[in-house]
Amino acid sequence: MAYTKYRVDKVAARKMRIEAGAFIKGLRENRDPKMTQRELAERLRLPYYTFISQVETGAARVPPESQVAWAKALGVDPQEFAKKLLSCYDPHTYKALFQKN
């Protein structure tokens, strides 16, 4: 059996990370009261709040092992949060799992 390389469109992948970041930023900013990046970093016990900025701008991704913690810190359902991130970070797997053919 021959295996092929996983083809990644880097421009599309960047756009999807930006979409995920906008989603997270929206969750953070729509809290009452509005949560700052620094406050979110403190809730997540991150040493630097700049990682929040990197995620929100699409320069970085939320690590899979910390998605539940991020969801809880943002006050949203962990499954829905992870599902949204999966749709942005790995759209092929998302489609295989959640979209009907």
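Contact here means heavy atoms within 4.5 Å. The views below are taken from a predicted model.

**View 1. Packing of helix H1 against helix H5.**
Met 16, Arg 17, Glu 19, Ala 20, Phe 23, Ile 24 and Leu 27 on the H1 side are in contact with Phe 81, Lys 84, Leu 85, Ser 87, Cys 88 and Tyr 89 on the H5 side. Sorted by class, the residues of this H1–H5 contact are nine nonpolar, one polar and three charged. H1 covers residues 10–29 and H5 covers residues 78–89. The two helices pack at an angle of about 155°, and their axes are 8 Å apart. Because angles over 145 degrees count as roughly antiparallel, H1 is roughly antiparallel to H5.

**View 2. Packing of helix H4 against helix H5.**
The angle between H4 and H5 is about 120°, with 9 Å between the axes. The two helices are therefore oblique to each other. The crossing of H4 past H5 is right-handed. H4 contributes Gln 67, Val 68, Trp 70, Ala 71 and Leu 74 to the contact, while H5 contributes Pro 78, Phe 81, Ala 82, Leu 85 and Tyr 89. By class, the residues in the contact of H4 with H5 are nine nonpolar, one polar and no charged.

**View 3. The largest nonpolar core.**
The largest nonpolar core has 19 residues. Within it, Ile 24, Leu 40, Trp 70 and Phe 81 touch the most other members. At least two residues of the core come from each of H1, H2 (37–43), H3 (50–56), H4 (67–74) and H5. In soluble globular proteins, nonpolar side chains tend to be buried together. Ile 24 also takes part in the contact of H1 with H5, and Trp 70 in the contact of H4 with H5. Phe 81 is among the H5 residues that meet H1, and Phe 81 is also listed in the contact with H4.

**View 4. Surroundings of Leu 40 and Arg 28.**
Residues up to four places away in sequence are left out of both contact lists in this view. Leu 40 touches Arg 28, Met 35, Ile 52, Trp 70, Ala 73 and Leu 74. Arg 28 belongs to helix H1. With a relative accessible area of 5%, Arg 28 is buried, because buried means under 20%. The contacts of Arg 28 are Lys 34, Met 35, Thr 36, Gln 37, Leu 40, Ile 52, Glu 56 and Leu 74.

**View 5. The loop between H1 and H2.**
Pro 33 lies in the loop between H1 and H2. The peptide bond joining Asp 32 and Pro 33 is cis, with omega about 0°. Lys 34 is also placed in the loop between H1 and H2. Lys 34 is exposed, at a relative accessible area of 53%. Apart from residues up to four places away in sequence, Lys 34 touches Arg 28, Glu 29 and Glu 39. Lys 34 and His 92 are 58 residues apart along the chain, and 34 Å separates their C-alpha atoms.

**View 6. Arg 45 in the loop between H2 and H3.**
Arg 45 sits in the loop between H2 and H3. Although not a glycine, Arg 45 has a positive phi of about 60°. The relative accessible area of Arg 45 is 77%, and the residue is therefore classed as exposed.

Conventions. Residues numbered from 1 in each chain as written. Predicted model: local features only at pLDDT ≥ 70, side-chain atom pairs only at ≥ 80, totals over all residues. Heavy atoms only, no water. Axes fitted to C-alpha atoms, helices over the stretch in contact; angles between N-to-C directions. Helix = DSSP H or I, 4+ residues; strand = E, 2+ residues; numbered from the N terminus. Parallel < 35°, antiparallel > 145°, perpendicular 65-115°, else oblique. Nonpolar A, V, L, I, M, F, W, Y, C, P; charged D, E, K, R; others polar. Core = buried A, V, L, I, M, F, W, Y, C linked by side-chain atoms within 4.5 Å. Buried < 20%, exposed > 50% of the residue type's maximum accessible area, 1.4 Å probe, protein only. Left-handed = near helix turned anticlockwise from the far one by under 90°.
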